[in-house]
Amino acid sequence: MATLPNLLFSTLLANNIMLKYMDSEAKTMIDNKKNRYPYCLVWTPLPLITAVLPFIGHTGICTSEGIIHDFAGPYTVSVDDMAFGKPTKYVKLKLTPEEKQRWNLAVTEGDRKYGQEMHNLFCNNCHSHVAYVMNQVGYKHSNWNMVKVWWLFVAKGKYLGFSGFMKSYLGFFILLSIVLLLSFII
């Protein structure tokens, strides 16, 4: 028969285990209001380019605390201030415990390397920075490149609500409307 002290101890133990579980999960939860995306890749539209090609945008990679790091331009890696505005889309990565241990160090190494690199829109850009970090961690495989990072967003990216979708496609919809309107007039 369970005594009151044993029952109380069991309840406290169970609650403590639950609190520890919730605390560890809370550290990896996405918080769009605070702009925190732990263990995520993030995406935001590029002015003009995304209006013409809505699947092209600017990417960043986030630390375990959710702080965004992005290769913003020549010799520049932005931290906690994404170059083209807040993310509208994200990919939550499913990391192994070993990958999680290496994650922040790999982000720091990526920042160090790309902080000394010239930015090039076509072959050394924000997608390259993200791919470099993922290769350092060994996420899923070790041959990430800018095209594979792009495809990951196309295939697995999730919009941050309806407003994230609209911010991503509004320019494209306006441009498409103008083209359609002009084609009916002419």
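I started at Leu-48, which sits in the loop between β1 and α2 (49-52). This is a predicted model, so everything below is read from a prediction. Leu-48 is not a glycine, yet its phi is positive, at about 70°. Buried or exposed, I wondered about Leu-48? It is exposed, with a relative accessible area of 73%, and the cut-off for exposed is over 50%.

**Another positive phi.** I then went to Tyr-39, in the loop between α1 (4-26) and β1. Tyr-39 also isn't a glycine, and its phi is positive, near 50°. Tyr-39 is buried, at 9% relative accessible area; the limit for buried is under 20%.

**Overall layout.** I checked the chain as a whole next. I found six helices and six strands, running α-β-α-β-β-β-β-α-α-α-β-α from the N terminus. Of the 186 residues, 35% count as buried. I also looked at contacts between residues at least 6 apart in sequence: 62% of them join residues at least 24 apart.

**Cores.** Which residues have the most contacts inside the largest nonpolar core? I noted Leu-41, Ile-61, Leu-93, Trp-103, Met-134, Trp-144 and Leu-152, in a core of 20 residues. At least two residues of this core come from each of β1 (40-45), α3 (97-114), α4 (126-137) and α5 (146-156). The largest share is from α4, with five residues.

I zoomed in on Trp-103. Leaving out residues up to four places away in sequence, Trp-103 touches Tyr-39, Ile-61, Cys-62, Thr-63, Ser-64, Leu-93, Leu-95 and Val-137.

**α4 against α5.** How do these two helices cross? Their axes come within 8 Å and cross at roughly 95°. Angles of 65 to 115 degrees count as roughly perpendicular, and α4 and α5 are therefore roughly perpendicular to each other. From α4, I listed His-127, Ser-128, Val-130, Ala-131 and Met-134; they meet Met-146, Val-149, Trp-150 and Leu-152 of α5. Sorted by class, this contact has seven nonpolar residues, two polar ones and no charged ones.

**Aromatic rings.** I got a count of twelve aromatic pairs. One of them is Phe-172 with Phe-173, a tilted pair with 6.1 Å centre to centre and 55° between the planes. Both turned out to be partly exposed: Phe-172 has a relative accessible area of 24%, and Phe-173 comes to 33%.

**Last stop, Arg-112.** I found Arg-112 in helix α3. Arg-112 is partly exposed, at 45% relative accessible area. Where does Tyr-75 lie relative to Arg-112? The two are 37 residues apart along the chain, and their C-alpha atoms are separated by 9.6 Å.

Note on methods
Residues numbered from 1 in each chain as written. Predicted model: local features only at pLDDT ≥ 70, side-chain atom pairs only at ≥ 80, totals over all residues. Heavy atoms only, no water. Core = buried A, V, L, I, M, F, W, Y, C linked by side-chain atoms within 4.5 Å. Buried < 20%, exposed > 50% of the residue type's maximum accessible area, 1.4 Å probe, protein only. Helix = DSSP H or I, 4+ residues; strand = E, 2+ residues; numbered from the N terminus. Contact = heavy atoms within 4.5 Å. Axes fitted to C-alpha atoms, helices over the stretch in contact; angles between N-to-C directions. Parallel < 35°, antiparallel > 145°, perpendicular 65-115°, else oblique. Nonpolar A, V, L, I, M, F, W, Y, C, P; charged D, E, K, R; others polar. Phe/Tyr/Trp six-rings, centres within 6.5 Å; stacked < 30°, edge-to-face > 60°.
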